[in-house]
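Subject: Structure for you to look at

Hello,

Here is the structure I said I would pass on. Please open it first, then read the notes below.

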Amino acid sequence: MMQKSILDQYIDACELVKESEDRIAKLRENRSTVHDTVIGSSPEFPYTVQHYKIEGTPSKELALIDAEERILLLQRGNANALRAEVENWMIGIPARMQRIIRAHIFDRKSWRETAEIIGRGANEYSVRKEFERFMKKNAKMS
């Protein structure tokens with residue numbers, strides 16, 4: 001069973017995946033790096049003094065970034081699961097209905113524009129009614 005609300009959520013899930021990936025990339029590139037120099041010596045004689053350059057991300061900041069990244073990865077995973085559920089369902093429905101759903105729901109075309117895409121004498125009222133009947137019939141099958 002597929003409800004229209006899940007089809008509407010599909011669009012948001014696709015956008016959420018993109019947004020999550022963008023935010024993860026920004027988190028990774030905006031990590032601050034701390035640079036410092038420390039003094040040490042050789043462990044063997046002659047104990048010559050040496051300067052070492054070190055760098056890293058402060059542990060407190062790193063923990064916050066890692067926590068936010070885990071949340072975003074989980075969010076992206078949930079959105080991908082919803083996308084997969086809808087796409088798997090779409091495989092099993094008639095091709096014409098797939099076209100109607102893609103045009104009207106996913107591409108956000110008006111019913112008139114959807115009818116033009118479908119062609120074959122379809123008009124905005126017939127395409128809309130066909131969609132409504134299909135969704136009503138599909139809801140009863142669950």
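A residue is called buried under 20% relative accessible area, exposed over 50%, and partly exposed in between, using a 1.4 Å probe and protein chains only. The model is predicted, so local features need pLDDT of at least 70 and side-chain atom pairs count only at pLDDT 80 or more, while totals for chains, interfaces and linings use all residues. Residues are numbered from 1 along each chain as its sequence is written, and side-chain values use heavy atoms, leaving out hydrogens and water.

The strands come first. Helices (H or I, at least four residues) and strands (E, at least two) are DSSP runs, numbered from the N terminus. Strand S1 (residues 34-41) pairs with S2 in the antiparallel sense over 8 bridges; pairing requires at least two bridges found by DSSP. Ser 41 has Val 49 in S2 as its bridge partner. Strand S2 (residues 49-56) is hardly covered, with 0 buried residues among its 8.

Val 38 lies in strand S1. Is Val 38 buried or partly exposed? Val 38 has a relative accessible area of 31%, so it counts as partly exposed.

Now the core, meaning a set of buried Ala, Val, Leu, Ile, Met, Phe, Trp, Tyr and Cys residues joined through side-chain atoms within 4.5 Å. The largest nonpolar core has 26 residues, and Leu 7, Val 86, Ile 101, Phe 106 and Phe 131 touch the most other members. Helix H1 gives the largest share of this core, 7 residues. Leaving aside residues up to four places away in sequence, Ile 101 touches Leu 7, Trp 89, Met 90, Ile 93, Phe 106 and Phe 131, where contact means heavy atoms within 4.5 Å.

Regards
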